[in-house]
Each structure stands twice: as structure tokens, then as C-alpha cells.
Amino acid sequence: MAQNEKIKTVIKNGEEPQPIEILESSIIEIAKGFKVLSKTRVKQETLVTLLHDYTKVSKVQIRYVLNCLSDLENLFLRNK
């Protein structure tokens, strides 16, 4: 790495800036985790109902977020 080249960082939880690779690996882990969860016996509508009862967020919004979770890599990360 050249001396003038800066490492891209992201601030996480108000702590010291961390390399952007940490955010990248977190996105990958979330997407993979949700893909695994979606293959279990727990139905998505069950998760929607539980989250709605706990948070009072609309079921439509919860479904939208859940549908996007498994696609996080494609939405936010460039192909290497």
C-alpha cells in the first residue's frame, strides 16, 4: 500500500473508525444468516407476526425488510 493511500474506514458504535472490510463482512454474515433462517421450519409470516407484536411496526414494512435481508450482498456490495 502506498503511503498516500488512505484506508477506508467506518465508525461503528461511536468507537474508533474500523476498516470498511468489517462492515463488508457483517453484511455478508447477516445475509448468510437470514438465508439459513429462511430454510428452517419457522415460516416468514411467524417472524412477521412476532416482530409486529413486539415493535408495532407495520407488517408490510417488516416483510419488506425481511425480503431484503437475504439480498443485502447484492444491494450493497460490489462483486469482487
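In this predicted model, residues 24 or more positions apart account for 34% of the contacts in the chain with a separation of 6 or more. The secondary structure consists of 4 helices and 2 strands. Read from the N terminus, these elements follow the order β-β-α-α-α-α.

**Burial and surface**
- The chain has 80 residues, of which 10% are buried.
- Its accessible surface amounts to about 7,000 Å².
- Carbon and sulfur atoms contribute 57% of that surface.

**Confidence**
- The mean pLDDT of the chain is 82, with 80% of the residues at 70 or more.
- Confidence is lowest in strand β1, residues 9-11, where the mean is 64.
- The highest confidence belongs to helix α2, residues 44-55, with a mean of 94.

**Packing of α2 and α3**
- Helix α3 spans residues 59-69, and its axis comes within 9 Å of the axis of α2.
- The two axes cross at roughly 125°, an angle that lies between 115 and 145 degrees, and α2 and α3 are therefore oblique to each other.
- The crossing of α2 past α3 is right-handed.
- On the α2 side, the residues that meet α3 are Gln 44, Glu 45, Leu 47, Val 48, Thr 49, Leu 51, His 52 and Thr 55.
- Their partners in α3 are Lys 59, Ile 62, Arg 63, Leu 66 and Asn 67.

Key:
Residues numbered from 1 in each chain as written. Predicted model: local features only at pLDDT ≥ 70, side-chain atom pairs only at ≥ 80, totals over all residues. Heavy atoms only, no water. Buried < 20%, exposed > 50% of the residue type's maximum accessible area, 1.4 Å probe, protein only. Contact = heavy atoms within 4.5 Å. Areas by Shrake-Rupley, 256 points an atom, 1.4 Å probe, with all protein chains shown as cover. pLDDT = per-residue confidence, 0-100. Axes fitted to C-alpha atoms, helices over the stretch in contact; angles between N-to-C directions. Parallel < 35°, antiparallel > 145°, perpendicular 65-115°, else oblique. Left-handed = near helix turned anticlockwise from the far one by under 90°.
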